[in-house]
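Subject: Structure handed over, with notes

Hello,

Here is the structure I said I would pass on. Please keep it open while you read the notes below.

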Amino acid sequence: MTTGSLKLWRNAHLATCDAQDRRIENGALLTRGGTIEWVGASSAVPPAAAGAEVHDLNGAWVTPGLIDCHTHLVFAGNRADEYAERLRGRSYEEIARAGGGILSSVRALRAASEDELLAQSLPRLAALAAEGVTTVEIKSGYGLTLADEAKMLRVARRLGALLPVTVRTTFLAAHTVPPEFRGRARDYIEVLSSQWLPELAAEGLIDAVDIFCERIAFSVAEAETLFERAQALGIPVKMHAEQLSNLGGTLLATRFGALSCDHLEFAGEAEAAALARAGTVAVLLPVAFYCLAETRKPPIAALRSAGVTMAVASDCNPGSAPGTSLLTALSMATRLFGLTAEESLLGVTRAAAAALGLARERGTLAAGRAADFVVWNVTTLAELSYWIGFNPRRTVVRAGEVLRWPNSNP
Ligand code: NIG
Ligand code: FE
């Protein structure tokens, strides 16, 4: 027996983002507690809606709550000075090899207390939430000791308790080799996968496992070791793959049925076919492409023709993508990568849910899914990937409840 208050949200245009990607003009939603009970045309509201609390949405467009499926938003300090160096011509790889890059964020994070880290990260998640993000993935990967990785993951969980956003946590201790293991990447992978992973998973801090498979990070063989351990624990895997070069990471990750492979600038036809076969989502991160002034783009045409599910995420992190706007990522995904407006919206709803293993729970407006949706101040959905730095969110409903911002207009 489902419980919770019954609400009818009427007089709306719905972008269901479901398998048929239906647009229902003059539609309605019936929610009970935190779940959608029915979606359809206003003229076909079922008798079960009798007695529901009625909300008139005044003909506005409604989409599922947005999902940011790839972020590193728990971090300390910033790397603006490195960005300034990159503007003078130094590359991301050069800075990383000289001990900066991810390792400079590791030093800052280790020095920060858990409460400081929470206080610094909270405004970033709040900024995403203000744009209608109701589900976010947050990775570890700037701690690189057991205690500091645990600190990051606890902060991620606390953020989810403080703000009206569902947080999924990903264990990314395999982000780079920490100073304690310099020159001993294999030993580090051994420790993090055989000791830290089971311990943190047992504490309920890990929903998925990720690795940065790259020349400046970890090899395909190292990724295989980590994935075998994750698989043995029943934890799904994902990979930062083919971002700066092609090491063959995607081909390995898809063998493990990875939820997603992310970045993919150096992927090609073979990777597109493997992703399609495995049902692995390609997560596109155009803000990192933009900030690193990359020129090589992910193979969108190949991904599209192979039928790969494409998601878009902010990649919010202090190095390659210091941004907290998923809508800006949509603008970049369309203009820089050539996604259509429709593909970009699916990329932050249904496809993003799939990238987190949540396809059956959220990301579409359909009966049985989470009652998370956004009411927009737009006349056409194309506005969602059109505006740059302007937020057309009107109202966010999360778990069937209207969220209130100081300037919100329910
Ligand atoms: O997704 N590629 C690796 N990880 C991040 C960058 C992290 C950093 O520079 O701090 C990314 O781009
Ligand atoms: Fe990333």
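This is a predicted model: local features need pLDDT of at least 70, side-chain atom pairs count only at pLDDT 80 or more; totals for chains, interfaces and linings use all residues.

Residues are numbered from 1 along each chain as its sequence is written, chains are lettered from A and ligands numbered from 1 in the order in which they are written, and side-chain values use heavy atoms, with hydrogens and water left out.

Salt bridges

A salt bridge here is a side-chain nitrogen of Lys or Arg within 4 Å of a carboxyl oxygen of Asp or Glu. The count by this rule is 23 salt bridges. Helices (H or I, at least four residues) and strands (E, at least two) are DSSP runs, numbered from the N terminus. For accessibility, buried means under 20% relative accessible area, exposed means over 50%, and partly exposed is in between (1.4 Å probe, protein chains only).

Take glutamate 93 and arginine 97, whose side chains form a salt bridge with an N to O distance of 3.2 Å. Both residues belong to helix H2 (residues 92-97), where they sit four residues apart, about one turn of the helix. Arginine 97 counts as exposed because its relative accessibility is 55%.

Another salt bridge joins the side chains of glutamate 114 and arginine 158, at 3.0 Å from N to O. Glutamate 114 is in helix H4 (residues 114-130) and arginine 158 is in helix H5 (residues 146-162), so this pair ties together parts that are 44 residues apart in sequence. Arginine 158 is partly exposed, as its relative accessible area is 31%. A network of salt bridges links Glu114, Asp115, Arg154 and Arg158.

Lysine 139 and aspartate 210 also meet through their side chains in a salt bridge, with 2.7 Å from N to O. Lysine 139 lies in strand S6 (residues 133-139) and aspartate 210 in strand S8 (residues 208-211), so the pair ties together parts that are 71 residues apart in sequence. Lysine 139 and aspartate 210 are both buried.

Helix contacts

Axes are lines fitted to C-alpha atoms, for helices over the stretch in contact, and angles run from 0 to 180 degrees between N-to-C directions. Angles under 35 degrees count as roughly parallel, over 145 as roughly antiparallel, 65 to 115 as roughly perpendicular and the rest as oblique.

How do H4 and H5 cross, and at what angle? Their axes come within 10 Å, and the crossing angle is roughly 50°. H4 is therefore oblique to H5. Contact means heavy atoms within 4.5 Å. On the H4 side, the residues that meet H5 include Glu114, Asp115, Leu117 and Leu118, and on the H5 side they include Arg154, Val155, Arg158 and Leu159. By class, this contact of H4 with H5 has eight nonpolar, one polar and five charged residues. Ala, Val, Leu, Ile, Met, Phe, Trp, Tyr, Cys and Pro count as nonpolar, Asp, Glu, Lys and Arg as charged, and the others, Gly among them, as polar.

Leucine 122 is part of helix H4. With a relative accessible area of 29%, leucine 122 is partly exposed. Leaving out residues up to four places away in sequence, leucine 122 touches Leu159, Leu162 and Leu163.

The axes of helix H6 (residues 185-202) and helix H7 (residues 220-232) also come within 10 Å, and they cross at roughly 10°. H6 and H7 are therefore roughly parallel to each other. Among the residues in this contact are Ile189, Leu192 and Leu197 of H6, and Thr225, Leu226 and Arg229 of H7. The contact of H6 with H7 divides into seven nonpolar, three polar and four charged residues.

A covered helix

Helix H12 (residues 326-335) is mostly covered, with nine of its ten residues buried. Leu326, Leu327 and Met332 are among the buried residues of H12.

Backbone angles

Most residues other than glycine have a negative phi. Aspartate 21, which is not a glycine, has a positive phi of about 50°. Aspartate 21 lies in the loop between strand S1 (6-15) and strand S2 (23-32). Asparagine 26 also has a positive phi, near 55°. Asparagine 26 lies in strand S2 and counts as partly exposed, at 44% relative accessibility.

Regards
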